[in-house]
Amino acid sequence: MTRPDEHPEEWLDSAVAGELSPARRRELDLHLAGCPACSAQLAAASRTARPSRPSDSERRRDRVAVERALARTAHRRVRPSRRSRALLVRLAASVVVLASAASASVWAAHKWDLHWLGRDPLPPVSIGEWVAPAPVPAAEPRPSDDAEKSTVPPAEPMAEPSPAPKPAAVARRRVAEKPSAAELLQQARDLRRGGNLAGATGVYRNLERLYPQSQEARVSYALLGRLLLERGILEQALAQFDQYLSAQGPLAEDALAGRASALERLSRSTDEISAWKTLVSRYPQSVYAGRARSRLRELGSDAARSTP
Amino acid sequence: MAQMPDGPNEPSARPVQEALARMAKDASAGDTEAARMLLHTLAPIVRRTCRGVLGSNHPDIEDALQDSLVEIMDALPNYRFEGKFLHYVTKISLRVAIAAKRRSAARSRNLDPLDAVQPGHVAHSPAGAVELERAALIRQFVDELPRAQAEAITLRVVLGFTLEETAAIAGVPMNTVKTRIRLGKSALRRRFQQNSRARAIFGRFGQ
């Protein structure tokens, strides 16, 4: 290790493992003082040996990435085998147990995400998307706003080519081109992120109409509720949130907050108080809890004073 | 230094790898639930790789994560379940992240050295700040290396893998990876010597 370009790779690994003799450590330190790459490597390896637990935000974003990746690869998967859910959960649980047994190891850093294996599939939703309103383009035409305010779902946004083909041909093509629920959800999200809120609304509606029993439709109730809330279509937003909250789901916390916000803007104070109280009682640590308590105080509710 | 759960000091590493491999096989066979569980397990590991390459505040990090997961799903049918599955995953995510970084750099040469600052790892001391700045500079200089060297240097210097792990992930013999690391580090050293900011940072280290 007399030349600057002789990087003591084995010594670096030994140093991280705590297996380097004092004499070699001194020699290594001399090299590190003049070698930014090796000193950075040693720092990185030491950090890697003590990985930090991912934040809640990262976990949420991981969930979004997973669902999007699944949606993007859905058409490439063959028909799923009828492997039982119980078997998978047992497999997942065994991974959790094994990972837990290695708690002293670096693998412990990944234990938390193995914990998710035993849980129900997570919905393809971004809380970040949820909390941060999508941008509204300044000149966006909103031809379907009136239609939105009616109770009739809008027409499917995928326009048919003209001249109109024969009905049978249309039907055949519709069957052949019918997008999956996951694809519709992704399409709606893309439209929403692109600022086309009306288009996104239409696609969410189609998703709920075409696949009413799908998990994607369940998620859509909450997402569309939020979108309608952003657009000020409050009664329909409320209906969407109620639809979502009619069953249990991982977005209940967000749907409750959305519902309360819609009621606030509709000036339905009594219902709003009830909604915020429900949110605080079910999710006292919610990110919306501060807002809930603030509103309850403004509305003069006792609940605000009785909760921390 | 062992980041993967399959190092010599990992008593449960092999069963974990086997469990993941079984999940991967089910996912490869088209089982959506297995695919979902597998990706949920892998996402934090892939994120760490992407963050190491791109920096935690890079605007493309979520896209890189998602693209990596898609690549992993696409690669499952070709995986022969002979090597360590997490090495395979890291290799894929590393390549996706490096490609994303280079695309991003091509779009804009305006690299922000602060992109190495990670939430929860913000420097609370001058030494910590220097470390972060140094990491950002290394990340920037790694972009300028040939792809094979960049991959080896990222695994070794940025992500902190051992030599054996680096060779396994890169899929090359140990001597090859040693050569790549040596050449890459020497190139980094030259870049540091040419860069006034880098010289200033390392001057603070007592050079």
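Okay, ground rules. The model is predicted, so local features need pLDDT of at least 70 and side-chain atom pairs count only at pLDDT 80 or more, while totals for chains, interfaces and linings use all residues. Residues are numbered from 1 along each chain as its sequence is written, chains are lettered from A and ligands numbered from 1 in the order in which they are written, and side-chain values use heavy atoms, with hydrogens and water left out.

Let's start with the chains. Helices here are DSSP runs of H or I with at least four residues, strands are E runs of at least two, and both are numbered from the N terminus. Read along the sequence, chain B goes α-α-α-α-α-α-α-α-α.

How much of each chain is buried? For chain A, 46% of its 308 residues; for chain B, 58% of its 207. By buried I mean under 20% relative accessible area, with exposed being over 50% and partly exposed in between, using a 1.4 Å probe and protein chains only.

Contacts next, meaning heavy atoms within 4.5 Å. In chain A, take the contacts with a separation of 6 or more: 56% of them are between residues 24 or more positions apart. In chain B, among contacts between residues at least 6 apart in sequence, 65% join residues at least 24 apart.

Now the cores. A nonpolar core is a set of buried Ala, Val, Leu, Ile, Met, Phe, Trp, Tyr and Cys residues joined through side-chain atoms within 4.5 Å. The largest one has 43 residues, and the members that touch the most others are Leu38(B), Leu42(B), Val46(B), Leu69(B) and Phe85(B). Which elements give two or more residues to this core? From chain B we get α1 (13–28), α2 (32–54), α3 (61–75) and α4 (85–107), and from chain A there's α4 (56–73). The most comes from α2(B), with twelve residues. Zooming in on Leu42(B), and skipping neighbours within four places in sequence, its contacts are Ile72(B), Phe85(B), Leu86(B) and Val89(B). Apart from that core lies another, of 39 residues, including Ala200(A), Tyr204(A), Leu224(A) and Leu263(A). As background, nonpolar side chains in soluble globular proteins tend to be buried together.

Staying with chain B for a moment, Met73(B) sits in α3 and is buried, at 7% relative accessible area. Arg51(B) and Ala64(B) are 13 residues apart along the chain, with 9.3 Å separating their C-alpha atoms.

There's a buried arginine in chain A too. Arg231(A) lies in helix α12, residues 215–231, and its relative accessibility is 9%, so it counts as buried. What does its side chain pair with? It makes a polar contact with the side chain of Thr201(A), at 2.7 Å. A polar contact is a pair of N or O atoms within 3.5 Å; within protein, one must be able to donate a hydrogen and the other to accept it, and residues adjacent in sequence count only if both atoms are side-chain atoms. The C-alpha atoms of Arg231(A) and Leu197(A), 34 residues apart along the chain, are separated by 8.0 Å.

Back in chain B, look at helix α7, residues 163–170. Six of its eight residues are buried, so it's largely enclosed by the rest of the structure. The buried ones are Leu163(B), Glu165(B), Thr166(B), Ala167(B), Ile169(B) and Ala170(B). Just after that helix, Gly171(B) takes a positive phi of about 70°.

Ser267(A) has a positive phi, near 60°. Most residues other than glycine have a negative phi. Where does Ser267(A) sit? In the loop between α14 (252–265) and α15 (269–282) of chain A. With a relative accessible area of 58%, Ser267(A) is exposed.
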